[in-house]
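This report goes through a structure chain by chain, then turns to selected helix contacts. The sequence and the coordinates are shown first.

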Amino acid sequence: MFYALSSAKPVIFRALTAYIIRMNILFTAVFLICTALLLFNAPEAFLPALIDGAGKSATLCLSLLATYALWMGLMRVWEDSGVARGISRLLKPVARKLFRTDDDEALGAVCMNLSVNLLGISGATTPYGVKAAKLLDKTPEAEYASAMFFVLNATSLQLFPASIVAMLTSMHSANPTSIILPTLFTTLFSTLLGCTLTFLFIRPKSKSKQPVSAPKILKTKGVSMR
Amino acid sequence: MTHFFALIVPLIFLLSFSFAHFRKVRVYDSYAAGIKSAPPLILSLFPYIAAVTMLSMLLTVSGLGAKLAEWLSPIFSFLGIPQEIAPLVLIKPLSGSGSIAVLSDILERYGVDSYISRCACVVYGSSETVFYIGAVYFAGIKRKKFNAALVISLVSFLASVIFACFLCRIM
């Protein structure tokens, strides 16, 4: 995963910058509007609100740290004992059909990404995701496979939403596990919907009727023969 | 049912650790090595979570948040989404750390076991940060169907939010 990250660093950096700039505009605009409103309504509430917010975020990060420590420790044990490889081997046949490729390296990265996704620890999936997207782009059905990978990551099936359950537990919920089933059903629904839509609108094999698609077929053949 | 789910986590740990031990993995070292990578991850998230939490406090105090929710409430109530979770729905596709901040704010304000909070949790879990994935995973990859994939992801997200609110009402 470090290989994928280092080889693509400038591009990723640029994309991240573009994303951050967009977030910057949004943040600054909302911040300025709120501050201007407060100037007229209650200027004395400005500083307490900021301090309150910062304090809350510190507490939140501490409880997140506890969650991530617990699950990332377990993930490392899974990696070391071969469970992670076993899970991705189980997912591979499904992935092979979904992404229309036999590229083992690409499928491996995709499966690792998707199985970390199942646990719902966002942030831990990024390295695998970047690598998988790079490799899928070189497969014969790249147009379709990339789109499918994007949609699958966005809708992200949750077998066990670890961070939410831990957050509820740390806030003394009476029944923190009660959201597991609804979350599973919801993500199952959105994943199926996303897959179907991708399959319908971004077909795995380009329509041969359109003249534009003719060179694409040639290109696909060339890649698969290599 | 509740009891069954309470059993899952300890069982996962029991099975994982005994399997790892059986495979001659040094469980203590391996577990600690995994934990080692958690603080850097959280440290990289903290500045953004702090900034967004402060912003959301400002939104509340200035009354802009309430006004926004009021304007958007016809749309949300038409879709069956409680307007209390509107801020979460709006920020979820844009920023992961921001949505964690907003979620914890909702949990605190409406109580962890309320219908609103359950809805918010399921909505939070129902998708990943669409625009972040689009920007970071697919950096430098130019595909014609990329925008279509983005639209499909957003549509699935909205559908999952509606579905989540409906599901929380009956489950």
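## Chain A: overall make-up

Chain A holds 10 helices and zero strands. The model is a predicted one.

Of the 226 residues in chain A, 43% are buried. Taking contacts in chain A between residues at least 6 apart in sequence, 65% join residues at least 24 apart.

## Where chain A meets chain B

The contact between the chains takes 88 residues from chain A and 83 residues from chain B. On the side of chain A that touches chain B, at least two residues each come from α2 (9–41), α3 (46–81), α6 (126–136), α7 (142–155), α8 (162–170) and α9 (180–201) of chain A. The most is given by α3(A), with 22 residues. By class, this side of chain A has 54 nonpolar, 28 polar and six charged residues.

## Helices α7 and α9 of chain A

The axes of α7(A) and α9(A) come within 9 Å and cross at roughly 165 degrees. Angles over 145 degrees count as roughly antiparallel, so α7(A) is roughly antiparallel to α9(A). Their crossing is right-handed.

On the α7(A) side, the contact uses Ala147(A), Met148(A), Val151(A), Leu152(A), Ala154(A) and Thr155(A). These meet Thr187(A), Ser190(A), Thr191(A), Gly194(A), Cys195(A) and Thr198(A) in α9(A). The contact of α7(A) with α9(A) has six nonpolar, six polar and no charged residues.

Pro204(A) sits in the loop between α9 and α10 (213–225) of chain A.

Leaving out residues up to four places away in sequence, Pro204(A) touches Arg100(A), Glu141(A) and Tyr144(A). Thr101(A) is 103 residues from Pro204(A) along the chain, and their C-alpha atoms are separated by 11 Å.

## Chain B: domains

The domain assignment divides chain B into domain 1 (1–36) and domain 2 (46–170). Taken over C-alpha atoms, the centres of domain 1 and domain 2 of chain B are separated by 32 Å.

## Helices α3 and α6 of chain B

Helix α3 (residues 38–62) and helix α6 (residues 96–110) of chain B have axes that come within 8 Å and cross at roughly 50 degrees. That angle makes α3(B) oblique to α6(B). The crossing of α3(B) and α6(B) is right-handed.

From α3(B), the residues in contact are Leu45(B), Tyr48(B), Ile49(B), Val52(B), Thr53(B) and Ser56(B). Their partners in α6(B) are Ser97(B), Gly98(B), Ile100(B), Ala101(B), Val102(B) and Asp105(B). The residues of the contact of α3(B) with α6(B) divide into seven nonpolar, four polar and one charged.

## Helix α7 of chain B

Helix α7 (residues 115–125) of chain B is mostly covered, with nine of its 11 residues buried. Which residues of α7(B) are buried? They are Ser117(B), Arg118(B), Cys119(B), Ala120(B), Cys121(B), Val122(B), Val123(B), Tyr124(B) and Gly125(B).

The buried residues of α7(B) pack against elements of both chains: α8 and α9 of chain A, and α5 (86–91), α6 and α9 (146–170) of chain B.

How values were computed: Residues numbered from 1 in each chain as written. Chains lettered and ligands numbered in written order. Predicted model: local features only at pLDDT ≥ 70, side-chain atom pairs only at ≥ 80, totals over all residues. Axes fitted to C-alpha atoms, helices over the stretch in contact; angles between N-to-C directions. Helix = DSSP H or I, 4+ residues; strand = E, 2+ residues; numbered from the N terminus. Parallel < 35°, antiparallel > 145°, perpendicular 65-115°, else oblique. Left-handed = near helix turned anticlockwise from the far one by under 90°. Contact = placed C-beta atoms within 7 Å. Nonpolar A, V, L, I, M, F, W, Y, C, P; charged D, E, K, R; others polar. Buried ≥ 20, exposed ≤ 12 C-beta atoms within 10 Å, placed from the backbone. Domains from an automatic or database assignment.
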